[in-house]
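Reader: I would like to learn how to read a fold and its pockets step by step. Could you walk me through an example?

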Amino acid sequence: MINITFNPKTLELTVLGHAEHGEKGEDIVCSAISTLFYTLGETLNQSREMLKKEPIFKDEDGKGILSCVPKKEYRGNIALTYRTVLIGMELVANNYPANVTFKVGG
(Lines give C-alpha, C1' and ligand atoms only; values in the text may rest on other atoms or scores of the structure.)
Protein backbone atom coordinates (compact mmCIF):
# COMPACT_ATOMS: atom_id res chain seq x y z
CA MET A 1 0.00 0.00 0.00
CA ILE A 2 1.25 3.47 -0.91
CA ASN A 3 0.30 6.09 1.66
CA ILE A 4 0.38 9.65 0.37
CA THR A 5 0.17 12.56 2.80
CA PHE A 6 0.27 16.24 1.94
CA ASN A 7 0.62 19.06 4.45
CA PRO A 8 -0.59 22.28 2.76
CA LYS A 9 0.88 24.50 5.50
CA THR A 10 4.44 23.25 5.02
CA LEU A 11 4.05 22.11 1.40
CA GLU A 12 5.45 18.72 2.37
CA LEU A 13 4.46 15.68 0.34
CA THR A 14 5.25 12.25 1.74
CA VAL A 15 4.86 9.03 -0.24
CA LEU A 16 5.43 5.85 1.75
CA GLY A 17 5.21 2.18 0.84
CA HIS A 18 4.72 0.10 -2.28
CA ALA A 19 1.54 -0.35 -4.33
CA GLU A 20 1.94 -4.12 -4.72
CA HIS A 21 -0.48 -4.03 -7.65
CA GLY A 22 1.90 -5.92 -9.95
CA GLU A 23 5.41 -7.30 -10.25
CA LYS A 24 8.26 -4.96 -9.40
CA GLY A 25 9.13 -3.01 -12.52
CA GLU A 26 5.71 -3.67 -14.03
CA ASP A 27 3.43 -2.12 -11.40
CA ILE A 28 1.28 0.49 -13.18
CA VAL A 29 0.04 2.01 -9.90
CA CYS A 30 3.58 2.49 -8.61
CA SER A 31 4.60 3.87 -11.96
CA ALA A 32 1.78 6.43 -11.96
CA ILE A 33 2.55 7.71 -8.48
CA SER A 34 6.31 7.72 -9.14
CA THR A 35 5.84 9.70 -12.35
CA LEU A 36 3.76 12.33 -10.57
CA PHE A 37 6.21 12.49 -7.65
CA TYR A 38 9.23 12.93 -9.92
CA THR A 39 7.39 15.46 -12.07
CA LEU A 40 6.72 17.61 -9.02
CA GLY A 41 10.32 17.23 -7.86
CA GLU A 42 11.73 18.30 -11.21
CA THR A 43 9.25 21.17 -11.52
CA LEU A 44 10.34 22.49 -8.12
CA ASN A 45 13.97 22.04 -9.11
CA GLN A 46 13.42 24.06 -12.28
CA SER A 47 11.51 26.72 -10.31
CA ARG A 48 14.27 27.43 -7.78
CA GLU A 49 14.09 31.18 -8.50
CA MET A 50 10.62 31.10 -6.90
CA LEU A 51 11.91 29.44 -3.73
CA LYS A 52 13.64 30.83 -0.65
CA LYS A 53 16.00 27.83 -0.63
CA GLU A 54 16.62 24.58 -2.46
CA PRO A 55 13.66 22.19 -2.43
CA ILE A 56 13.97 19.04 -0.34
CA PHE A 57 13.77 15.91 -2.47
CA LYS A 58 14.37 12.52 -0.89
CA ASP A 59 13.71 9.23 -2.58
CA GLU A 60 14.65 6.02 -0.87
CA ASP A 61 13.10 2.62 -1.49
CA GLY A 62 9.51 3.02 -0.34
CA LYS A 63 9.96 6.51 1.09
CA GLY A 64 9.72 9.78 -0.79
CA ILE A 65 9.59 13.30 0.63
CA LEU A 66 9.23 16.57 -1.24
CA SER A 67 8.98 20.00 0.30
CA CYS A 68 9.85 23.58 -0.42
CA VAL A 69 9.57 27.11 0.92
CA PRO A 70 8.37 29.49 -1.77
CA LYS A 71 9.04 33.19 -1.80
CA LYS A 72 5.90 35.02 -0.67
CA GLU A 73 5.11 36.42 -4.11
CA TYR A 74 5.28 32.93 -5.68
CA ARG A 75 3.36 30.91 -3.11
CA GLY A 76 0.28 30.79 -5.37
CA ASN A 77 2.33 29.54 -8.32
CA ILE A 78 3.95 26.81 -6.26
CA ALA A 79 0.65 25.86 -4.62
CA LEU A 80 -0.90 25.44 -8.08
CA THR A 81 1.98 23.20 -9.13
CA TYR A 82 1.41 21.01 -6.08
CA ARG A 83 -2.36 21.02 -6.66
CA THR A 84 -1.98 19.75 -10.21
CA VAL A 85 0.18 16.80 -9.13
CA LEU A 86 -1.96 16.08 -6.08
CA ILE A 87 -5.09 15.87 -8.23
CA GLY A 88 -3.32 13.20 -10.28
CA MET A 89 -2.33 11.29 -7.15
CA GLU A 90 -5.84 11.52 -5.77
CA LEU A 91 -7.26 10.16 -9.04
CA VAL A 92 -4.91 7.17 -8.82
CA ALA A 93 -5.89 6.63 -5.17
CA ASN A 94 -9.60 6.77 -6.07
CA ASN A 95 -9.14 4.26 -8.90
CA TYR A 96 -6.91 1.91 -6.89
CA PRO A 97 -8.13 2.18 -3.27
CA ALA A 98 -6.63 -1.20 -2.37
CA ASN A 99 -3.18 0.09 -3.34
CA VAL A 100 -3.07 3.83 -2.55
CA THR A 101 -4.34 6.08 0.23
CA PHE A 102 -4.36 9.85 -0.11
CA LYS A 103 -4.67 12.27 2.79
CA VAL A 104 -4.38 16.05 3.13
CA GLY A 105 -3.75 17.33 6.63
CA GLY A 106 -1.52 19.30 8.86
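**Reading the sheet, the helices and the pocket**

Author: Gladly! Keep in mind that this is a predicted model. Let us begin with a helix: helix 1 (residues 28-46) lies across strand 1 (2-7), strand 2, strand 3, strand 4 and strand 5, and runs at about 30° to strand 4. Helix 2 (residues 75-95) lies across strand 1, strand 2, strand 4 and strand 5, at about 140° to strand 5.

Reader: In what order do the strands form the sheet?

Author: In general, strands of a sheet pair through backbone hydrogen bonds, either parallel or antiparallel. Here 5 strands make an open sheet, ordered 3-4-2-1-5, with mixed pairing. Strand 3 (56-60) and strand 5 (100-104) each have a single partner strand, so one side of each is left without a neighbour in the sheet. From one strand to the next, the twist averages 10°.

Reader: In which sense do strand 2 and strand 4 pair?

Author: Strand 2 (residues 12-17) and strand 4 (residues 63-67) are antiparallel, with 5 bridges. One to look up on your screen: Thr14 has Ile65 in strand 4 as its bridge partner.

Reader: What is the volume of the largest pocket, and which element gives the most to its lining?

Author: The volume is about 440 Å³. Among the 24 lining residues, Gly17, His18, Cys30, Ser34 and Gly62 are the closest to the centre of this pocket. Helix 1 gives the most to the lining, with 6 residues, while strand 2, helix 1, strand 3 and strand 4 each supply at least two.

Definitions and conventions
Residues are numbered from 1 along each chain as its sequence is written. This is a predicted model: local features need pLDDT of at least 70, side-chain atom pairs count only at pLDDT 80 or more; totals for chains, interfaces and linings use all residues. Side-chain values use heavy atoms; hydrogens and water are left out. Two strands pair if DSSP finds at least two bridges between them. Helices (H or I, at least four residues) and strands (E, at least two) are DSSP runs, numbered from the N terminus. Axes are lines fitted to C-alpha atoms, for helices over the stretch in contact, and angles run from 0 to 180 degrees between N-to-C directions. Contact means heavy atoms within 4.5 Å. On a 1 Å grid over the protein atoms alone, a cavity is a set of points where a 1.4 Å probe fits but cannot get out, and a pocket is an open set with protein on both sides within 12 Å along at least five of seven lines; lining residues have an atom within 4 Å of a point. Grid points are joined across faces, edges and corners, and a volume is the space filled by probe spheres set on the points.
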